[in-house]
Every structure is written in structure tokens, then in C-alpha cells.
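Welcome, and thanks for taking a look at this one. Below is a short briefing to read alongside the model, sorted by topic.

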Amino acid sequence: MTRVETDFVPSKRDPRYDILFEPVQIGPVATKNRFYQVPHCNGMGHQFPSSMAEMRGIKAEGGWGVVCTEQVEIHHSSELTPVIEGRFWDDRDIPVMAKMCDKIHAHGGLAGIEPCYDGLHTANRYSREIPMTVSARPVSYREPIQARAMDLQDIRDVRRYHVEAAIRAKKAGFDIIYVYAGHDLSVISHFLSRRYNDRSDAYGGSLENRVRLYREILSDVKDAVGDRCAIATRFAVDELMGSAGLTSEGEGRDVVEMLAEYPDLWDVNVSDWDNDSMTSRFAQSGFQDSYVSFVKKVTSKPVVGVGRYTSPDAMVSLIKSGALDLIGAARPSIADPFLPKKVEEGRLEDIRECIGCNICVSADFHSVPLRCTQNPTMGEEWRKGWHPERIAKAHAEESVLIVGGGPSGLEAARALGQRGYHVTLADAASELGGRLNREGRLPGLGEWRRVIDYRKYQISQMANVDTYLESTLSADQLLEFGADHIVIATGAKWVSTGVGRALYAPIETDANAHVLTPDQLMDGAEASGPVVIYDDEHYYMGSVLAEKLRAEGHAVTLVTPAADVSTWTHNTLEQHRIQSRLMKMGVQIVPNHSVAACRKDHVSLTCGYTGQTYTLACETFVPVTMRLPDEALYLQAADIIAGRSDVPSLRKIGDCIAPGTIAAAVYSGHRYARELGEPASDGVPFRRELPALSAD
Ligand code: ADP
Ligand code: SF4
């Protein structure tokens, strides 16, 4: 057994980061530092307001100088149901927002709100009002709903809605009030856009006319609340669509020049959301810098920008180079709400860096509380009382043996170690990380290794956690070890049968057919001849393997029963980029088909609509359909201890229970650690936010 040990030396803040802790004046208010949590969705909003308020408060506790809301609806004629955003339709919504402000103020942060009138981007499924926007158009959802063109009275009304929302926001206690023109979502951006705006009145035609509503709302809101509140604006300077949209060298820049001194703060980015929040598979930290760097040159007002910044050195150089005044963050603040505090306390190694996977975004699309691969406490702050940095002390002086150092085992070891248990983490492999060791080497997934890096470092600092590598444990050895608790985190393996969602029985396969599972490919097995990948899993694995094999020079066809490649990645804002990349690389895509048979030199495909079959040349067949838990060790140990009372507790966690996302495995490991020694509950294991019945 190889024991891993390192020494921990606590340190203080490095003076080169002092600049990040300087206050910045924003109109009538000042932030205590340059860490700025820009608006981000969270799937809690108006439906789970206590959860939302607690989560925002924890960001402020973690040192973010500014903490903003998500998009906040300002009128029932522009509502986003079933997507859960903030809601500020009338004064009855003030208490929820006031609660959030109080939580932020309690930690010395400024509270910002992003009111939004979405227009073209609303279907009004709940209110059933006819959506309205700059010109008559179908709403952006693929639904049989069209928005009507706003007349001049409508324009006056929308200006008024913004003012009324700003006055309510001021009453609720907000310090920074946005005028939102970002992400191709707000009516203001639709007026600006030549794509949508075909008006012939004073609000259409020239840029001066198209910018009119933006200018008016900025002025209206400033006049209404600018005495005490700073007026910020979020504006996408480039839509990454060339001459079809705004560009940072063309009209995007012109808009900033025209309105340069109107707001107290420019919050600038690129649009739309899948450009702004690109995953690490497609964009590195800081990819927006070149688009937004002109802004500070044309305004005297402070500028905030985003780019998945997690490195304080990168932040300092952005400030010193004059690119930004404030470091904006959504995802980095989700992955680590305490990032600023950790920089301040000189604990850079403790920063839980965002991996750019966009699991957080998927929660918003599913209208459920935010979750995060790196931060298992995200969304659980109120309902489970989970704090990202604090955890209850061990219930007793007890020991835990964890078998398997993948995401679930690593997180369980880290959190149990933090609680003070005596933890032994054993893994058969020569490195910690489990599935991430191999997946982190696939094209575009390198940053995912941060899930390992953070946890590996943390447990290396804990004298009460011992790590043993190259240690394959048998069930007998487990029990001989003498721990009070045994946790099996042995993960899962891909099946070779093709069974999954579309196929209930194994694919008929000849004995001489060459079938490789994703595990075998990741372990270095060689594909030969034309490769067919059959993806009935629909997340990243099928497309990433296609990319890898195509880059290695193979002819690759990706067959899927879905209508498009990696269809679940619509939820991570990646699907379009994935399919586009594969097609540009020359990967053939066969949607709406499953595989009926696998022979030595071909596969037979079946059309999901007509049932017609045809053959496709194939020398290597790669089924990507499902994984099965690697639970043999658990079952053997359970067998040995069955009926005995003098034995340790035995539990499975992570993929060994049921394979899922890395986020789910981390959550499972964390949950085990939180619940050890706690009384078991057979009721709902979290607090609920119940709807209130009206009096009548
Ligand atoms: P999860 O995603 O649930 O954390 P992983 O598949 O990433 O699971 O990790 C499982 C880990 O368990 C792998 O690193 C593997 O080497 C290890 N493992 C599996 N069986 C044994 C065993 N009998 N003894 C020690 N380690 C094991
Ligand atoms: Fe970052 Fe992924 Fe967490 Fe989102 S879910 S904050 S992208 S680590």
C-alpha cells in the first residue's frame, strides 16, 4: 500500500491581490471589493424564495461585494412560466426580494436586481396575455404563439413598468438596479436589433432610433431611483453572428458610445446565453475579453465583465490592464461561494474552481433548484441547511473505510475528513479520480479534472484522512480492516450489449464482431476500420468518443435513436456546438435509428419511424447506452455480514448505487458524509416551501 502525505502551512493574503479588495464607487453606492456576482438564474426564484434568499446570502458571506438576482419579471404580460425566475409584478412581491436584500446586507454586500421585460422571449403560458415586442414575430419558443407589435402606448407602458419595478426594488432595499439589454432576451435588445425591428416610426430604422427605448428607460429609471440606487445596465456588445447581429466593432460598440455616461455601471458580455456561458469543452476562461475590452475606453463609468474567472492572478491582470473594474462571476460563484474570502485569507488552494460543465444551467432549464458538479451544497443551503464551508462535527470518534476514489468516494472522504472522522480511502488504481481520470483525458474535458484536484488537495491536508492507492480490496479484507463504517464507491462500467432506452434486449452480435465499450476505448483499446458509435445515452460520451476517434483518423458514424447528437446537452447549452463540431470534422450522423445487429464488417440499422432496416460498414462497434454498477464487492461484503450484529455499517454511494452524472456522484458522497450518525428520517428529507392558500 502506498500512503500519500503532505504538510499544510496556513498563509495570509498575498499583497499582489490587494487590488481586488479595493472599493469601487458605482453611482451613489460603493462596493467593498471588486468581486461581483452578476445576475444568474437559479431555478428557485419566485417559487422557492427562501432557498433563493439563503443562497444569495451565502454568496455575500463568502465575500462577494455585489450579489445580484436572476432575471426578474416586472409585469404579468411578460412572464416565463414554467421557467422559474424572479417575480416583481406588484408590491406583494416586495417581501421576498427584501428578504434577499437583508441576507446580502447582513454580510456587507450590495444587492443588485435585474428587472426584465422579455417581450419576444415570453410565451405567457400562465398569464395567457398576448406577448408584445418591437415588431410582430413568433415568440422565440417553438410554440404556436406570436407576439404583437407594440404601439406607442405600449412603449409608454413598458417604460412605466420599468420605473415601477425600480421603485419597488428601491423599497425592497436594492442598491443596484439594472436596465437589462443582454442575452437577446429583453425587449430593449429586440428594439436594438435589425433582425427583429422593422418599425418605421421613431423607434425603428436608424441606430439612433433603435436605441431610443434603451436610452429612455435608462433615463426614466435613473430619474426615479438614481438618488439612492446605482443604475447598471447589462449589454451584450457582440452576438457572435457577424453582420446579422451586433458586433463589438460595429453597432455593439456604437451603442456603448451613444449611452456611455447614462448608466452608473456597464455590465458587458456577449450574447446569447449559450455564447455567454460556453462550456469548457468549447471555450477557455477569459474568452470574452477581446470583445468587451473596448468598453472602458469609451466610458468613464465602472465596467464589469465575465469569463469564468477563477484565478486571482487573471483577475488582477484584468484590473491592472484596464480591461475591467470589477470581476464578474456567475458560475465561479456557484462552484465556490467563498472564492473572495479564500483569496482574502490567502487560501488559494482551497478554491473550488468551476469546471465549466453547465450542470448548473440544466437545473434552470428543468425548473428545479440550482445544482453544481463542484459544489454539492448549491441549492441545498436553505432546504437542507447545508453550508458550503461548514459541516457538523463527527457524531463520535469513529472510523470510515471508503473503497473507490472517484468523485463520490473523494467527496465523501473530504467531507467526512472535515467532520473529523478517521477516514481511509483505498483505490485499486494508481491515481485518485476514478472515472474522471479517464474522462478528463477525452477531448475538451480536461478542466473536469478540477473535481479531483480540489478534493485530492483537501484530503492531503487532513491528518485524519489516509489514502492508499494500488489497493484492490476483497470483501474479507474490508471486514478485517476493522473500520466502524464501510462505504463502497466502486463506480460503474459501460455495458457492451447495446441495451438502454431504445433497446430492451442485447443487440444480436456475431462472435467475430469487434465491439469496444467506452471503458475499453478510454483504457487504450485500438479501434480499427470504419467505426460506428451507437449513442442511446445522449449526454457527452458518444460525441466525445466520436470526436476522439475522428481526430485519430477513423471514419466515424454516430447513430442515435434521438433526433440530434447528444440531445441532453441542449440543457448544458452545448448541443449546437457539439453537432456542428462533429459535422465539420466529417463524422457522419444517422439520427432516429437504432442498431438491430452487429456483424464482423457491418451493422444493421432500424429506422425509429418506419422500421426499415439497412446496413452500414462497420469494423469497430461502440455502444454508448448505459452503465451497470460495479457492486460485486458490496454484495460479497453484505453477504458476509448478513445476520451479524457485531459488524460495521455498510453503504454504497455514487455510481455504485445507480450511474449518473459526476454532479450526482459528488452529491451522493457529500450526502453520505452529512448524514453519517444523524437520525434516519423516513419523511421528506428537506424543508419544503409550501404554497400559501389565499384567504377567500
Ligand atoms: P463514482 O463516480 O461513483 O465516484 P468511479 O467509477 O469514478 O465512481 O470510481 C470508482 C473507483 O473505485 C475507481 O477508481 C476504481 O479503481 C475503484 N475500485 C473499484 N473496485 C475496487 C476495489 N475492489 N478495491 C479498490 N478500489 C476499487
Ligand atoms: Fe461550474 Fe459546472 Fe458548477 Fe456550473 S455546475 S458552476 S459549470 S462546476
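Two rings of Phe, Tyr or Trp (for Trp, the six-membered ring) are taken as a pair if their centres lie within 6.5 Å; planes under 30 degrees apart make the pair stacked, over 60 edge-to-face, and the rest tilted. By this rule the count comes to 12 aromatic pairs. Please keep in mind that this is a predicted model.

**Aromatic pairs**

- W273 is partly exposed, because its relative accessibility of 23% falls between the 20% and 50% cut-offs.
- F365 is also partly exposed, at a relative accessible area of 36%.
- Y539 and Y540 give an edge-to-face pair, with 4.5 Å from centre to centre and 70° between the planes.
- Are these two tyrosines, Y539 and Y540, buried or exposed? Y539 has a relative accessible area of 10% and is buried, and Y540 counts as buried at 6%.
- Y539 and Y540 also belong to a cluster, joined by ring pairs, that includes W448 and W568.

**Charges over rings**

- R383 places its charged end over the ring of F686, at 4.2 Å from the ring centre.
- R627 lies over the face of W494, with 5.5 Å to the centre of the ring.

**An aspartate that reaches W494**

- D519 is found in helix α19, which covers residues 518-522.
- With a relative accessible area of 7%, D519 is under the 20% cut-off and therefore counts as buried.

**Around ligand 1**

- How many residues surround ligand 1? There are 22, and the closest are S408, D427, A428, R435 and D655.
- The shell around ligand 1 is made up of nine nonpolar, 10 polar and three charged residues.
- A polar backbone atom of A428 is 3.0 Å from a nitrogen atom of ligand 1.
- For R435, a polar backbone atom is 2.7 Å from an oxygen atom of the ligand.
- A489 brings a backbone N or O atom to 3.5 Å from an oxygen atom of ligand 1.
- Ligand 1 taken alone exposes 590 Å², and the protein buries 87% of that.

- Where does G182 lie? G182 is in the loop between β11 (176-181) and α4 (187-192).
- G182 is buried, with a relative accessible area of 0%.
- Along the chain, G182 and R234 are 52 residues apart, while their C-alpha atoms are separated by 5.5 Å.
- E73 lies in strand β5, residues 66-73.
- At a relative accessible area of 1%, E73 is buried.
- E73 and E257 are 184 residues apart in sequence, and their C-alpha atoms are 28 Å apart in space.

Note on methods. Residues numbered from 1 in each chain as written. Chains lettered and ligands numbered in written order. Predicted model: local features only at pLDDT ≥ 70, side-chain atom pairs only at ≥ 80, totals over all residues. Heavy atoms only, no water. Buried < 20%, exposed > 50% of the residue type's maximum accessible area, 1.4 Å probe, protein only. Lys NZ or Arg CZ within 6 Å of the ring centre and 35° of its normal. Near = heavy atom within 4 Å. Polar contact = N/O pair within 3.5 Å; in protein donor to acceptor, adjacent residues only side chain to side chain. Areas by Shrake-Rupley, 256 points an atom, 1.4 Å probe, with all protein chains shown as cover. Nonpolar A, V, L, I, M, F, W, Y, C, P; charged D, E, K, R; others polar. Helix = DSSP H or I, 4+ residues; strand = E, 2+ residues; numbered from the N terminus.
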